[in-house]
Structure formats: structure tokens, C-alpha cells
Amino acid sequence: MTDAETAPTGTADAAAVQTGATPGTDWAAWQISWDQQQEWYLPDREERFRVMLDMVEAAAGPEPRVLDLACGTGSITDRLLKRFPKAQSTGVDLDPALLTIAEGTFAGDDRVTFVTADLKDPDWPALLPHDSYDAVLTATALHWLHTEPLAALYGQIAGIVRDGGVFLNADHMPDPATPRINAAERELRHRRMEEAKAEGAVDWSTWWRLAAADPVLAGPTARRFEIYGEHAEGDTPPAEWHARTLREAGFTEARTVWQSPSDAMVLGLK
């Protein structure tokens, strides 16, 4: 069995779970298991994080105020603070299970704040502790939205990023003009994923079953599936659409700064 298959379990009683106090829960192990599950889908995940933080440093320096958008377990925040110890991060998400892991991981760290908000709610920016940010960062999350609400979200983000600041979105952005290339890449990627799964890699569904079986995460996981269902079905427009839409939203410049055969990262400069 892999580490992810023997996922950690909490030792808190029911009262502790209700109050958010979770003594004995190995949050670091949950973070590792989440990373392993995500890397099964995204073997170049760390590379995109590196480029993302390179661009933050280039635009905002080594002490940025960052909004970790659709933060999940805080993967971006974790890498941000390891690279830039004087950075500040606000993580925003709606998923109660992933936020539970994030809050447990960063408990006591005054550089980090978490906000529960629905990005489809037009008033979500009012919940943030700051009016503006040096950088807004997100990865493998906004494909849960269709293009119309995503374009509206980009307009809201343009109002949050300070002048000279940056927005970076790394996500699935296949090019519809190259269907044969896309199909060949997808076949190879899925073959490798199946090989890894045969060797014990944990996929999305299995990871959530492990979370649902954990005494601390069971309640938040049940609420999470009430909100999202099994998996939301959004859109995956190409990188060019993202760059164009960001410019239309108010960013002065926007373009791709990293790309793989199936994914890309687009940067908008305010």
C-alpha cells in the first residue's frame, strides 16, 4: 500500500469535530496524500507552481500579499510561504473538507487567513480581509466554472489585483485546433496513469472515500458532496480565450507563461 492508501485518521471526539478542535489529526499526512493524488493527474504540478511563484516574485517581489483563489488544502499557500517566508496569504474556498485540512495545516500561522466563500456569489470579494492583493493565484480549479461565470469572475479579480499586480491561472486549457495531438497526448497520459494506479496510486474517488471514512473529515466531506456532487462540469477554453478575457476584464497585458500538452498557465498583469 502507498502512504495515500493508508491515509491518516483523526482522533478527535464528536464535540471536538463540531468546534473545529481536532487534536491528534495528522494534517501533514493529509497534505501529502492530497499532493500524491493530484500528482497522479498532474505529474508536472510542481513545475507549474515554480513558474507561478517565479512570476509573482518578478512582479511583486519576495514579500507579496497573495489571494489563494479556490485554495483547496492550501497547496499554493504552502509553497508560497516556503519560498517567501514574509509573504501573506488569504485562502478562499467553499469546500468544507479541503478547508478543514487547510485550516488544520496552517493553524497558528498569522501569515495565513482562510475565508469560506462561493465564487459564484457576486458579493464574495466583500468577505476578504483586504481590498487589494499583489497577486491572485489559482491552479486546477476554475475549470469547474462555465465560461460566462468565469468571465464575470475575471472582472471581479481585476478589481482586487492592485495596479502592477498579477493574476495567474494554471488549469486545463487544451487547444481545440489540434484534436489529433490532443488525443495522442491523452492516450499516453492515461496509459501512464493506469500503470501508476496498478502500482497503488490513489485517484480522486478513492481519496474522497478515505476522507469520508475519517472521523474528523467525515462530516465536512458529506457537506462537500452536498454542495458539489461527484464532480462539477465546467468548461475548459484554450489559453487564448483566457488571455483575451482577462484583457477585456481590465488587465493591461495577458498571455501564456507556461504550457504542457494539455494544460497552461495564463498571467494577467494589471
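Student: Which residue lies over the face of Phe 225, and at what distance from the ring centre?

Tutor: Good place to start, and keep in mind that this is a predicted model. Arg 224 sits over the face of Phe 225, at 4.7 Å from the ring centre. Arg 224 also lies over the face of Trp 208, here at 4.5 Å from the ring centre.

Student: Which cluster do the ring pairs build?

Tutor: Trp 208 and Phe 225 both belong to a cluster linked by ring pairs, and the other members are Trp 30, Trp 34, Trp 144, Trp 204, Trp 207 and Tyr 228.

Student: How many aromatic pairs does a search of the whole structure find?

Tutor: The search gives 14 aromatic pairs. Let's read one together. For Trp 34 and Trp 207, the ring centres are 4.9 Å apart and the planes stand at 75 degrees, so this pair is edge-to-face; planes over 60 degrees apart count that way.

Student: Where do Trp 34 and Trp 207 lie?

Tutor: Trp 34 is in helix α2 (residues 27–41), while Trp 207 is in helix α8 (residues 204–213), so the pair ties together parts 173 residues apart in sequence. Both Trp 34 and Trp 207 are buried.

Student: What geometry do Trp 40 and Tyr 41 show as an aromatic pair?

Tutor: Trp 40 and Tyr 41 are edge-to-face, with 4.6 Å centre to centre and 75 degrees between the planes.

Student: Is Trp 40 buried or exposed, and what about Tyr 41?

Tutor: Trp 40 has a relative accessible area of 10%, so Trp 40 is buried; the cut-off for that is under 20%. Tyr 41, with a relative accessible area of 30%, is partly exposed.

Conventions
Residues are numbered from 1 along each chain as its sequence is written. This is a predicted model: local features need pLDDT of at least 70, side-chain atom pairs count only at pLDDT 80 or more; totals for chains, interfaces and linings use all residues. Side-chain values use heavy atoms; hydrogens and water are left out. Rings of Phe, Tyr and Trp (its six-membered ring) pair if their centres lie within 6.5 Å; planes under 30 degrees apart count as stacked, over 60 as edge-to-face and the rest as tilted. Helices (H or I, at least four residues) and strands (E, at least two) are DSSP runs, numbered from the N terminus. Buried means under 20% relative accessible area, exposed over 50%, partly exposed in between (1.4 Å probe, protein chains only). A charge sits over a ring if NZ of Lys or CZ of Arg is within 6 Å of the ring centre and within 35 degrees of the ring normal.
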